[in-house]
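Look over the sequence and the model, then read on.

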Amino acid sequence: MKFKVAGVDSLIIEFGEVISPETHRLVMKNYEILKPHFLEVTPSYTTVLVKYGIDRTYEDALESIKSMLVKDVQEEICFSEPVIIPAFYDESVGYDLKRVAEYHKISIKEVIKRHSSKIYDVYAIGFLPGFAYMGIVDIPTPRIPPRSEVAKGSVGIAGEQTGIYPMKSPGGWNIIARTYKEMFSEKIEGFSLLKVGDRVKFEPVSRAEFINRGGEID
């Protein structure tokens with residue numbers, strides 16, 4: 001566990017160097033512990049950012065934080081129900097389904113099975129509003145040269161992570177599916193459907209359901 005200054009009234013706690021479900025559990029456990037005691041507490045992949053305020057010194061905040069932190073999660077974890085994301089896996093919307101299959105020397109059907117059979121943790125929200133970085137995928141695939149436009153709702157893989165484009169955007173993720181689900185909207189509480197700490201499962205849907213629920217095919 002490491003501590004770093006992150007500004008005049010903030011510090012970062014590092015819980016590990018490798019992204020993993022175990023480290024993520026530790027991050028989220030300590031986030032819940034610290035959240036009521038500081039101005040802002042923000043979890044991410046392997047870190048927690050704590051904003052303690054200019055009325056406190058770094059040394060005082062650090063001592064307080066150290067007294068609260070847990071170094072492992074020993075008790076049984078009560079997982080929340082995963083957020084279900086309906087996904088239409090098809091080459092008409094999954095531009096890179098074949099590429100991912102060929103990269104791993106498996107069938108497209110197997111790509112779909114592997115991607116949709118896991119429950120993913122949301123590690124961070126970035127580079128677009130509501131874009132959730134999730135992991136860890138069983139079929140890690142290198143990024144590709146960015147496209148000038150990726151359709152809203154596109155489900156992609158980059159390295160060991162998977163994500164959903166909440167809006168039309170340039171991007172270099174391998175696109176394997178598309179969802180009709182709104183990921184970012186003023187109609188959603190907090191605007192973003194997903195937040196750090198959520199768990200997500202993709203559920204394959206048919207072309208008919210995808211279109212009937214408002215999905216668009218290029």
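This is a predicted model: local features need pLDDT of at least 70, side-chain atom pairs count only at pLDDT 80 or more; totals for chains, interfaces and linings use all residues.

Residues are numbered from 1 along each chain as its sequence is written, and side-chain values use heavy atoms, with hydrogens and water left out.

**The four-stranded sheet**

Four strands make an open sheet, ordered β1-β2-β4-β3, with antiparallel pairing. Strands β1 (2-7) and β3 (40-43) are at the edges with a single partner strand each, so one side of each has no neighbour in the sheet. From one strand to the next, the twist averages 20°. Helices (H or I, at least four residues) and strands (E, at least two) are DSSP runs, numbered from the N terminus. Two strands pair if DSSP finds at least two bridges between them.

Inside the sheet, β2 (residues 10-14) and β4 (residues 47-51) run antiparallel and are joined by five bridges. I12 has L49 in β4 as its bridge partner.

Two helices accompany these strands. Helix α2 (residues 58-68) packs on the sheet and touches β1, β2 and β4. Its direction makes about 140° with that of β1. Helix α1 (residues 21-34) lies across β2, β3 and β4, and runs at about 170° to β3. Axes are lines fitted to C-alpha atoms, for helices over the stretch in contact; angles run from 0 to 180 degrees between N-to-C directions. Contact means heavy atoms within 4.5 Å.

Is E14 buried or exposed? E14 counts as buried, at 18% relative accessibility. Buried means under 20% relative accessible area, exposed over 50%, and partly exposed in between (1.4 Å probe, protein chains only). E14 belongs to strand β2. Its side chain makes a polar contact of 3.0 Å with the side chain of K4. A polar contact is a pair of N or O atoms within 3.5 Å; within protein, one must be able to donate a hydrogen and the other to accept it, and residues adjacent in sequence count only if both atoms are side-chain atoms. Not counting residues up to four places away in sequence, E14 touches M1, K2, K4, T46 and T47.

**Backbone details in loops**

A cis peptide bond links G135 and I136, with omega about 5°. I136 sits in the loop between β7 (131-135) and β8 (147-150).

**Two nonpolar cores**

Which residues have the most contacts inside the largest nonpolar core? They are M134, I176 and F202, in a core of 24 residues. A nonpolar core is a set of buried Ala, Val, Leu, Ile, Met, Phe, Trp, Tyr and Cys residues joined through side-chain atoms within 4.5 Å. At least two residues of this core come from each of β5 (83-87), α3, α4, β6 (119-126), β7, β9 (154-158), β12 and β13. Helix α3 gives the most, with three residues. Apart from this core lies another, of 18 residues, including L11, L26, L34 and Y52.
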